[in-house]
Amino acid sequence: MINADNCRITHYPAEVLAQKAEPIEKIDDSIRRLAEKMTEIMLANKGIGLAGPQAGVPLQIFIISLDGKKENVRVYINPTVTPAGELDSVEEGCLSVPGVYTKIRRYKKCRVAAVDLAGNEFTEQAEGLYARCLQHEYDHLQGITIAERMGAAARIAHRRKIKELVEKHESQEK
Ligand code: NI
């Protein structure tokens with residue numbers, strides 16, 4: 001059972017961001033509270049998406065609100081995201097990799113199948129920013145952040161910022 005009150009934004013290279021998230025077996029009050037807390041964290045940080053591991057919880061859940069508004073937050077539980085179409089390279093950021101904005105190659109379209117907070121399954125076709133956001137959040141559930149996704153040139157360009165994050169993480173562990 002997770003205690004959502006303890007949830008905090010996690011930053012690269014936290015271990016929870018690098019592990020595969022587990023499926024959610026039962027949508028109970030703790031999961032509903034987690035979704036609320038994740039919404040609070042995302043809105044406070046002005047994000048448009050947030051995955052469980054980013055709140056320190058290695059479960060298969062993410063939320064998206066493309067305009068960053070609370071009323072448009074949607075919850076995706078145990079999702080599968082299947083990319084389609086061509087690749088596209090667009091600049092992205094991630095609340096867990098603060099200060100790094102870099103072009104990431106993703107598919108222009110995708111299909112998402114997930115369960116909502118009421119336990120109802122749904123599927124959707126997505127394109128544009130929505131498709132990109134779904135792929136980004138789904139990556140988090142596989143233990144992948146933009147720090148791993150970025151190309152070799154971007155890794156060199158952002159090496160100082162990445163090093164800063166690693167050093168900050170190491171100093172917090174002591
Ligand atoms: Ni992210």
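Helices here are DSSP runs of H or I, at least four residues long, numbered from the N terminus. The model shown in these views is predicted.

**View 1. Lys37 in helix α1.** Lys37 lies in helix α1, which covers residues 29-44. The relative accessible area of Lys37 is 14%, and buried means under 20%, so Lys37 is classed as buried. Apart from neighbours within four places in sequence, Lys37 is in contact with Ala4, Asp5 and Cys7.

View 2. Three protein atoms are donors of the nickel ion: SG of Cys94, NE2 of His136 and NE2 of His140. These donors lie 2.1 to 2.2 Å from the nickel ion. The spacing of the donor residues in sequence is C-x41-H-x3-H. Cys94 and His140 link distant parts of the chain, being 46 residues apart. Cys94 sits in the loop between β3 (74-92) and β4 (102-115), whereas His140 belongs to helix α2, residues 128-141. Cys94 and His140 are both buried.

**View 3. Aromatic rings around Tyr76.** The count of aromatic pairs comes to two. In the pair of Tyr76 and Phe122, the ring centres are 5.6 Å apart and the planes stand at 55°, so the pair is tilted. Tyr76 comes from strand β3 and Phe122 from strand β5 (residues 121-127), and the pair links parts of the chain that are 46 residues apart. Both Tyr76 and Phe122 are buried. Together with Phe62, Tyr76 and Phe122 form one aromatic cluster.

**View 4. The largest pocket.** The largest pocket holds about 350 Å³ of space. Its lining consists of 17 residues. Those nearest the centre of the largest pocket are Ile48, Glu92, Gly93, Cys94 and His136. The elements β3 and α2 give two or more residues to the lining of the largest pocket. Of the elements, α2 gives the most to this lining, with five residues. By class, the lining of the largest pocket has seven nonpolar, five polar and five charged residues.

**View 5. The second largest pocket.** The volume of the second largest pocket is about 210 Å³. Residues lining the second largest pocket include Val81, Pro83 and Leu87, as well as Ile104, Arg105, Arg106 and Tyr107. Also in the lining are Gln135, Tyr138, Asp139, Gln142 and Arg149. At least two residues of this lining come from each of β3, β4 and α2. The most are given by β4, with four residues. The lining of the second largest pocket divides into six nonpolar, two polar and four charged residues.

**View 6. His158 between helices α4 and α5.** His158 is in the loop between α4 (152-157) and α5 (159-173). With a relative accessible area of 17%, His158 is buried. Setting aside neighbours within four places in sequence, His158 is in contact with Val100, Tyr101, Thr102 and Met150.

Note on methods: Residues numbered from 1 in each chain as written. Predicted model: local features only at pLDDT ≥ 70, side-chain atom pairs only at ≥ 80, totals over all residues. Heavy atoms only, no water. Buried < 20%, exposed > 50% of the residue type's maximum accessible area, 1.4 Å probe, protein only. Contact = heavy atoms within 4.5 Å. Donors = N, O, S within 2.8 Å, 3.2 Å for Na, K, Ca; no water. Phe/Tyr/Trp six-rings, centres within 6.5 Å; stacked < 30°, edge-to-face > 60°. 1 Å grid on protein atoms, 1.4 Å probe; cavity = no way out; pocket = protein on both sides within 12 Å on 5 of 7 lines; lining within 4 Å. Points joined across faces, edges and corners; volume = space filled by probe spheres on them. Nonpolar A, V, L, I, M, F, W, Y, C, P; charged D, E, K, R; others polar.
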